[in-house]
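Colleague: Please bring up the model. I have some questions about it.

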Amino acid sequence: MRGDLAPAYLLNALWQLPLLLVVGVAGERVLARAPAAWRHAVWLVVVAAGSLLPALGTIGAGLVVAPVAMLAGGRGATAPPDPRWLAEWLAAGHDTSRPSLAAAVLLLWVALVLYRVGRLGGAFVAARRLVKRSWPLPAAEEERLRQLVAGREADLPLRHAEIRIVVAPGAPATVGVWRRIVLLPEGFLTSAPADDAWAALAHELAHAQRHDYALNLLCELLLLPVSFHPATAAIRRRVAVAREVACDEAAVAVLGRRCYARSLLALAASAAGLNRPTHALSVSDDPRSLEVRMKQILDSRPRLRRGPAGASLAAAALLLAAAGTLATLFAVRAEAPPSDDGAAAAGSLAAFVGTWRGDWPADPKDGDSQRRPALELHVAPSGAIHEFWWRYEKAQGGTIEATKVGSPVTAYRVEGQTLHLTQHVDTFTFRNQPPALAVIEESLTLQGSEVALFRVLSNSYFEARAQRREAVPPPPPPILMKRSG
């Protein structure tokens with residue numbers, strides 16, 4: 001994964017999540033008189049868009065291009081390094097005592113996502129343990145259930161879930177992805193009034209029929225990357241309310257509005273202050289949403305007929321499509337900015353990725369027949385390129401001392417089998433002359449899959465000296481490079 005993708009994803013999510021929240025509320029208003037299941041479907045689309053749209057814009061579908069690479073420490077046409085960035089960063093001689101703000105933000109984001117993953121995983125495991133501690137209906141409660149559903153099996157289809165008993169306070173709850181289970185507190189069927197038992201069973205079986213537990217788990221997984229955003233919490237609440245109202249409507253069809261409203265209040269009161277099963281869907285799931293649900297239950301105004309309801313759904317779909325198009329068009333792309341000299345990275349580095357090493361040819365005239373390392377070139381998949389040259393000096397006693405000097409490549413471009421490199425050296429030195437700026441053009445041309453030829457094409461420092469008719473050394477000979485990794 002390129003290092004500039006994460007900053008771009010976060011920047012896109014910062015403005016796209018509030019946009020999707022507003023559009024979701026608008027779609028909910030448009031479908032106010034339609035079935036609650038439709039409103040829940042709208043929020044499911046918002047959840048999916050909230051997770052996917054920032055990524056779609058990041059990988060190149062957007063029109064507004066931000067210099068994301070600069071946020072992560074990239075320079076010129078070189079993209080920030082891949083997961084091996086730390087070693088390359090240290091090799092380039094960067095100061096580690098003052099990390100960048102972008103790096104700190106990315107680390108905080110990763111930590112938050114991992115924290116949310118841990119909480120979600122813990123809740124899922126706790127729900128599984130709750131199921132393992134449950135047991136089938138005992139004879140007395142099974143007889144009570146048969147009495148409740150006698151003659152009304154069509155209104156309360158038990159085939160959608162398995163009903164089990166658990167030692168847990170609170171109201172009934174639904175768990176399970178493939179195996180959908182309704183968990184009833186011990187003694188619930190024998191102690192609860194018939195209407196309350198009907199209300200709880202109708203609501204929980206609606207959850208099971210709609211596969212709400214699996215959908216809720218999927219929503220939580222999709223929202224993990226954007227869980228840092230305040231809009232995510234608002235979207236999560238809207239999804240939960242729409243889901244509960246949809247199940248309330250299914251229960252109202254069985255018991256009637258007023259009867260179900262009374263039973264819901266009674267169930268909420270009995271569960272007040274008690275812990276409900278972790279990560280389970282309950283008839284009294286969120287006390288904060290109870291007022292909204294009661295208003296929906298007691299709202300006896302006629303619902304939209306099929307034709308107007310379909311038109312409302314189409315309008316909501318158009319709103320979501322428009323928001324998705326807008327979010328994609330004006331997304332921040334993970335694209336590095338152009339370099340100082342206006343050159344931009346082009347082509348593919350795939351054929352050049354690796355570590356290239358080359359030696360100086362032996363020079364018998366100089367009394368040295370040994371081949372010595374000349375150049376090491378690191379080309380990362382992300383576009384981070386570093387050069388390391390060996391400098392040799394004769395010390396007292398005739399020994400030769402070697403010094404390895406590294407610097408990042410400022411810009412690059414790929415043309416066919418040739419990788420063109422540009423170096424901006426602010427403190428280029430030659431003999432005893434004071435440091436000066438030098439722009440060095442180089443090339444690496446493939447001679448095979450593992451062999452390439454490196455050339456220094458030009459050096460602005462020496463060209464300026466030559467124009468002043470000053471002595472300059474000849475250009476270095478081509479260096480045969482071999483890929484070692």
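This is a predicted model: local features need pLDDT of at least 70, side-chain atom pairs count only at pLDDT 80 or more; totals for chains, interfaces and linings use all residues.

Colleague: Which residues are linked with Glu220 in a network of salt bridges?
Modeller: Arg116 forms a salt bridge with Glu220, with the closest N and O atoms 3.8 Å apart. Arg236 also meets Glu220 in a salt bridge, at 3.1 Å from N to O. The residues linked with Glu220 in the network are Arg116 and Arg236.

Colleague: How many residues apart in sequence are the parts that Arg116 and Glu220 tie together?
Modeller: Arg116 lies in helix H5, residues 101–132. Glu220 lies in helix H9, residues 212–223. The pair therefore ties together parts separated in sequence by 104 residues.

Colleague: Is Glu220 buried or exposed?
Modeller: The cut-off for buried is under 20% relative accessible area. Glu220 has 12%, so Glu220 is buried.

Colleague: What is the relative accessible area of Glu376, the salt-bridge partner of Lys404?
Modeller: The side chains of Lys404 and Glu376 meet at 3.5 Å, N to O. Lys404 sits in strand E11 and Glu376 in strand E9, 28 residues apart. Lys404 is partly exposed at 43%. Glu376 is buried, with a relative accessible area of 6%.

Colleague: Which side chain makes a polar contact with that of Arg293?
Modeller: Arg293 belongs to helix H12, residues 290–298. Arg293 is buried, at 1% relative accessible area. At 2.8 Å, the side chain in polar contact is that of Asp248.

Colleague: What span does helix H10 reach from its first C-alpha to its last?
Modeller: H10 covers residues 230–255, which is 26 residues. At 1.5 Å a residue, 38 Å is expected, and the model comes close to that. Just after H10, Gly256 takes a positive phi of about 95 degrees. The span of H10 is 38 Å.

Colleague: Which strands stand at the edges of the sheet?
Modeller: The open sheet has 9 strands, ordered E11-E10-E9-E8-E16-E15-E14-E13-E12, with antiparallel pairing. An edge strand has a single partner, so one side is left without a neighbour in the sheet. The edge strands are E11 (400–408) and E12 (411–415).

Colleague: What is the bridge partner of Ser443 in E15?
Modeller: Strand E14 spans residues 436–446, and strand E15 spans 451–459. They pair in the antiparallel sense over 7 bridges. The partner of Ser443 is Arg455.

Methods:
Residues are numbered from 1 along each chain as its sequence is written. Side-chain values use heavy atoms; hydrogens and water are left out. Helices (H or I, at least four residues) and strands (E, at least two) are DSSP runs, numbered from the N terminus. Buried means under 20% relative accessible area, exposed over 50%, partly exposed in between (1.4 Å probe, protein chains only). A polar contact is a pair of N or O atoms within 3.5 Å; within protein, one must be able to donate a hydrogen and the other to accept it, and residues adjacent in sequence count only if both atoms are side-chain atoms. Two strands pair if DSSP finds at least two bridges between them. The expected span of a helix is 1.5 Å times one less than its number of residues. A salt bridge is a side-chain nitrogen of Lys or Arg within 4 Å of a carboxyl oxygen of Asp or Glu.
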